[in-house]
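Please prepare a report on the structure shown below, covering a pocket and its lining, the strand pairing, and a loop residue.

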Amino acid sequence: MLGTLATALILINLYTDWLDPVRERLSSLSAPFYWITGTPSRVGGWAGEQLRTREELLEENSRLKHQVMLLEQQTQLLASVRAENTQLKELMNSAESVDQRVLVAQVIGVSPDPLEHVLIIDKGRSDGLEQGSAIMDASGLLGQVIEAGDISSRVLLITDANHALPVQVLRNSVRAVAEGTGDLYRLKLRHLANTSDIREGDLLLSSGLGGRFPAGYPVGEVIGVKRDPGRAFAEVDVQPRGRMNRSRFVLAVIHDEQNGVSGLEQQLGDGLVPRD
């Protein structure tokens, strides 16, 4: 009986559309059951996709961090190279205006003693340097060689408390002696009369007395003048033009020994003036 009824329904479904409304109704009723039964599969797929996405993001983030670090390192190296190139170009421009023969040297060390201002450069006697050779950078005079080895030399900066050099004011050619103070950013003028025509902003140049330092090179700028009527000499503070603690490359001036220089001129030329 049931078999006959089932056969009849099949035939009716195949050859007529009488059961279409029933089938559509049943299909609507069964859709939620299909969706519920498929939920575990969908949840598993979504979770797997989320895990893969998170892993991919973490991996990409790590890769980008490494790339940023490499780019920052390259940028720093490029900045360093650019700064060195700029210094070298400045030195070359300065070298063109120096009458004597010059060579570029690199600063390879500094004295560990805080009471002395001494640099170590990578040029020595084999390169033509000798005791007394003048050292400068693109901004001005730095100092002179006090000890020349075969392949390196020690340079005493003009700011050292034991150094002095003859200078003159660019504006009016007033002569004076600039002494080191032990401060990398300050010189002072020695025994300059109260009545001397000097004022703040004056540029001091090397005078060339004694022949040790080339004449006409920037030494410093006057930043303070104090005159006390009760004293014979004015107190004059000078800011060095040379970059005492910032220059990596310097110019070493090579020239022949001058004959006939003695007495005070020799002392001034040596840049070592005895204290009173």
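## Lining of the second largest pocket

In this predicted model, the lining of the second largest pocket comprises seven nonpolar, four polar and two charged residues, where Ala, Val, Leu, Ile, Met, Phe, Trp, Tyr, Cys and Pro count as nonpolar, Asp, Glu, Lys and Arg as charged, and the others, Gly among them, as polar. Of the 13 residues that line this pocket, Val110, Leu119, Leu157, Met244 and Asn245 lie nearest its centre. Strand S1 (101-110) and strand S2 (118-121) are the elements that give two or more residues to this lining; strands are DSSP runs (E, at least two residues), numbered from the N terminus.

The second largest pocket holds about 150 Å³ of space, a volume being the space filled by probe spheres set on grid points that are joined across faces, edges and corners. On a 1 Å grid over the protein atoms alone, a pocket is an open set of points where a 1.4 Å probe fits, with protein on both sides within 12 Å along at least five of seven lines, and lining residues have an atom within 4 Å of a point.

## Basis of the values

Residues are numbered from 1 along each chain as its sequence is written, and side-chain values use heavy atoms, with hydrogens and water left out. Because the model is predicted, local features need pLDDT of at least 70 and side-chain atom pairs count only at pLDDT 80 or more, whereas totals for chains, interfaces and linings use all residues.

## The barrel and its pairings

Six strands form a closed barrel in the order S1-S2-S5-S4-S3-S12, with antiparallel pairing (two strands pair if DSSP finds at least two bridges between them). From one strand to the next, the twist averages 45 degrees, with axes fitted as lines to C-alpha atoms and angles running from 0 to 180 degrees between N-to-C directions. S2 pairs with strand S5 (residues 153-157) in the antiparallel sense over four bridges, and Leu119 has Val155 in S5 as its bridge partner.

## Strand S12

Strand S12 (residues 249-254) is largely enclosed by the rest of the structure, because six of its six residues are buried (under 20% relative accessible area, with a 1.4 Å probe and protein chains only). Phe249, Leu251 and Val253 point one way from S12, while Val250, Ala252 and Ile254 point the other way. S12 pairs in the antiparallel sense with S1 over six bridges and with strand S3 (residues 134-136) over two bridges; Leu103 stands opposite Ala252, and Met136 stands opposite Leu251.

## A buried loop residue

Ser207, in the loop between strand S9 (203-206) and strand S10 (218-226), counts as buried at 15% relative accessibility.

Technical notes
Buried means under 20% relative accessible area, exposed over 50%, partly exposed in between (1.4 Å probe, protein chains only).
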